[in-house]
Amino acid sequence: MQYLKSQLSKINFELHRNPRLELPDGRFQYVPEPYKAVFLLQADFELAWAWQFSKSSEQPLQKALQHARTERANIPHILQLCDRYAIPITWATVGHLFLEQCNRSNDVAHAELPRLPFFENQYWHYKEKDWFANDPCSHYQQAPEWYAPDLIRQILDSQAGHEMACHTFSHIDCSDAHCPSGVLRAEIQACQQAATAFGVQLRSFVHPAHTIGNIAVLADLGITSFRTDYGNTLGYPLLHPGSIWELKSTLQMNFRSHWSIQYHNYRYKKVVDRAIKNRSVCCFWFHPSIPSDFLNDTFTHLFQHLDRHRNEIWITTTGNYFEWLNKQIQ
Ligand SMILES: [Zn+2]
Ligand SMILES: [Zn+2]
């Protein structure tokens, strides 16, 4: 089944059905002169926080810790490649990673934060205990799977000019069905507070697992964009009430075992070519916990390709792009 899907996807790709090509709506100019396209690369940076309630594993906590370790090993290599080819990344970062340490008070972690009610969604199952039950309430050197001030420092010190963005404080489901607005508000405020210690202002947002919702809260807290994934798209952002932009995902860089590495490389480069031809805004995203060999090979090829087309494609961060776009529409 998986094999068939992978082959079918190749056909749809050649038929230009995936990513779907949008025509400009004529409302705004979305790509600045003299460029023909915009390229944004987003990383969902979460260490152990993303997988602890995963339904796809018998031992989700073990899986979470494994992902965190791979992610920690990969990030310095990613940063080197970004510097070598001058490609910035927008790091949608779980807010807890900004902390050096945390403590329990009366046996409760982050007691000041309101909790999500129990729920189940497509990916996660949260039906017992406290949402923060796995938080080690320790220090980043003792529990490096749950904190990352050291990596954030490396990202901020890099030449490529990365952006730190927001992915909630503890990787919650943000959908209107599961998340009371007060929970998301408190989570984002905790992120903003933690990021202040690094001199970082959070402008861009990614809903964990694309649990899109509570857009008014995001707009109210100064967020300028959020990413959606309703189907791979080469198109244009959509303006929502509250002057917040929806950025449509073009593709997730993810290893598919039924494709060769060469095919992944071919496809990623071809999508960049189509973005230039179609004069689109292009958003690639990935989890930094993807397999290291795959990451090194595909990122090198993609970055070389982008670098060769630098005169035609504006390679920037999400926050910078929407700052530019907001000036156009004033
Ligand atoms: Zn904590
Ligand atoms: Zn995530």
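Asp176 is located in the loop that links strand E8 (163-166) to helix H4 (181-196). Helices (H or I, at least four residues) and strands (E, at least two) are DSSP runs, numbered from the N terminus. The model is a predicted one, in which local features need pLDDT of at least 70, side-chain atom pairs count only at pLDDT 80 or more, and totals for chains, interfaces and linings use all residues. Residues are numbered from 1 along each chain as its sequence is written, and chains are lettered from A and ligands numbered from 1 in the order in which they are written.

Asp176 is partly exposed, with 13 other C-beta atoms within 10 Å (buried means 20 or more, exposed 12 or fewer, partly exposed in between, with C-beta atoms placed from the backbone). Beyond its neighbours within four places in sequence, Asp176 contacts Gly213 and Asn214 (C-beta atoms, placed from the backbone, within 7 Å). A C-alpha separation of 37 Å lies between Asp176 and Asp273, 97 residues apart along the chain.

Strand E2 (residues 37-45) pairs with E3 in the parallel sense over 4 bridges; pairing requires at least two DSSP bridges. Phe45 is opposite Thr93 of E3. In strand E3 (residues 90-93), Thr90 and Ala92 point one way, Trp91 and Thr93 the other way, and all are buried.

Helices H6 (residues 261-278) and H7 (residues 292-308) pack at about 30°, their axes 10 Å apart. Axes are lines fitted to C-alpha atoms, for helices over the stretch in contact, and angles run from 0 to 180 degrees between N-to-C directions. H6 and H7 are therefore roughly parallel (under 35 degrees; over 145 is roughly antiparallel, 65 to 115 roughly perpendicular, the rest oblique).

Definitions and conventions. Contact = placed C-beta atoms within 7 Å.
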